[in-house]
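Subject: Structure handover and findings

Dear colleague,

Please find below the structure that I am handing over to you, together with its sequence. My findings follow directly after it.

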Amino acid sequence: MSILVTGCAGYIGSHTCVELLNAGNEIIVVDNLMNSKKEALNRISEITGKSFPFYQVDLLNEQELEKVFIENEIDAVIHFAGLKAVGESVRLPLRYYHNNITGTINLLNTMKKYNVNRIVFSSSATVYGMPQKVPISEHFPLKALNPYGRTKLMIEEILRDLYQSDQNWSITLLRYFNPIGAHESRMIGEDPNGIPNNLMPFITQVAVGKLPELSVFGNHYPTADGTGVRDYIHVVDLAKGHLKALEKIDTSNGVESFNLGTGKGYSVLEMIEAFEKAAGIPIPYRIAESRAGDAAICFADPMKAKQELGWAAEKDLHQMCEDSWRWQSKNPNGYEESNPHLSKSGDFFYAKK
């Protein structure tokens with residue numbers, strides 16, 4: 001298949017591009033590089049030995065986006081592009097609604113114009129809001145608690161309405177839990193701008209000396225050790241879930257949602273301990289005030305994905321921590337330090353303008 005990947009240079013997007021190429025697919029990739037680095041594309045090519053067209057395009061620019069469809073035969077789309085920081089979305093809600101929702105509408109209008117009606121959408125477990133019980137299954141009520149989560153939920157509703165208007169569409173909504181880890185090559189991984197919003201990159205940046213200590217937000221939750229419990233999934237397992245979703249949309253029409261998680265929950269202190277064992281490095285931390293809107297316990301019921309997609313997470317917590325550390329220790333400043341081998345061999349992708 002020929003797959004358009006939006007947000008290709010991001011954390012999940014880059015790992016999914018590797019899996020797509022290794023599975024024999026062709027990819028066309030789009031990213032505005034607002035929160036990602038072009039170096040990630042070089043490394044995707046280095047890992048896979050394959051080239052692909054890259055367009056530095058913002059989905060808010062309909063004319064530039066249309067050129068991508070004019071110049072390429074596209075069978076399906078995997079849509080990752082979007083702003084994703086919960087705290088920032090609370091401060092800048094209009095920016096999030098405009099970027100995430102308008103960009104998606106532009107993408108869908110362009111897909112419709114060029115008769116591309118198969119899409120896998122990168123949604124989030126944030127659409128469940130504050131769950132009343134666990135594990136969380138796809139039939140739970142949907143109630144996002146912040147602008148970021150609401151953009152994901154609104155886009156899910158837009159996609160359902162689109163299918164109701166035209167039942168030739170095939171749409172899969174993938175609700176991620178907490179991706180961590182990195183590719184085993186140590187060449188691609190999570191490279192957040194500024195102080196990380198998520199636990200694992202915060203831990204790894206403390207381990208590598210970029211940050212002095214980890215902030216643990218709250219220790220009075222009704223959990224075994226008082227800290228919040230989450231479902232952590234290896235990013236490569238998550239990426240492989242997208243290939244299974246592509247198989248589904250290639251053979252059936254409709255709209256289906258799937259949780260991508262392990263079905264297991266680990267507390268913050270358990271994550272610190274697991275990382276210390278995997279990396280052999282102590283992680284200093286302090287207890288900070290809990291954050292408004294943080295659920296005490298959140299983990300997935302992944303059974304639907306197993307039954308209907310034939311997908312299940314394979315990598316355990318030790319592998320997740322080990323791969324996170326391997327990436328960060330080899331790339332202490334993320335993609336800012338270029339790989340000498342890549343600088344000799346040049347760009348494997350080819351940029352389109």
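Predicted model: local features only at pLDDT ≥ 70, side-chain atom pairs only at ≥ 80, totals over all residues.

Helix H2 and its burial

Helix H2 spans residues 39–48. Of its 10 residues, eight are buried, and the helix is thus described as mostly covered. The buried positions in H2 are Glu39, Ala40, Leu41, Asn42, Arg43, Ile44, Ser45 and Thr48.

The packing of H1 with H2

Helix H1, residues 11–22, packs with H2 at an angle of about 30°, and the two axes lie 10 Å apart. Because angles under 35 degrees count as roughly parallel, H1 is roughly parallel to H2. Their crossing is right-handed.

On the H1 side, the residues in contact are Ser14, Cys17, Val18, Leu21 and Asn22, and on the H2 side they are Ile44, Ile47 and Thr48. Sorted by class, this contact holds five nonpolar and three polar residues, with no charged ones. Two of the H2 contact residues, Ile44 and Thr48, are also listed among the buried positions of that helix.

The packing of H9 with H11

The crossing of H9 and H11 is right-handed.

From H9, the contact involves Met271, Ala274, Phe275, Ala278 and Ala279; from H11, it involves Leu317, His318, Cys321, Glu322 and Trp325. By class, the contact of H9 with H11 comprises eight nonpolar residues, one polar residue and one charged residue.

The three-stranded sheet

The model also has an open sheet of three strands, arranged in the order S12-S9-S14 with mixed pairing. Its edge strands are S12 (266–267) and S14 (297–298), each of which pairs on one side only.

Strand S9, residues 229–230, is joined to S14 by two bridges, and these two strands run parallel. Which residue of S14 is the bridge partner of Val229? The partner is Ile297.

Yours sincerely,
A colleague

Key:
Residues numbered from 1 in each chain as written. Heavy atoms only, no water. Axes fitted to C-alpha atoms, helices over the stretch in contact; angles between N-to-C directions. Helix = DSSP H or I, 4+ residues; strand = E, 2+ residues; numbered from the N terminus. Parallel < 35°, antiparallel > 145°, perpendicular 65-115°, else oblique. Left-handed = near helix turned anticlockwise from the far one by under 90°. Contact = heavy atoms within 4.5 Å. Nonpolar A, V, L, I, M, F, W, Y, C, P; charged D, E, K, R; others polar. Pairing = 2+ DSSP bridges. Buried < 20%, exposed > 50% of the residue type's maximum accessible area, 1.4 Å probe, protein only.
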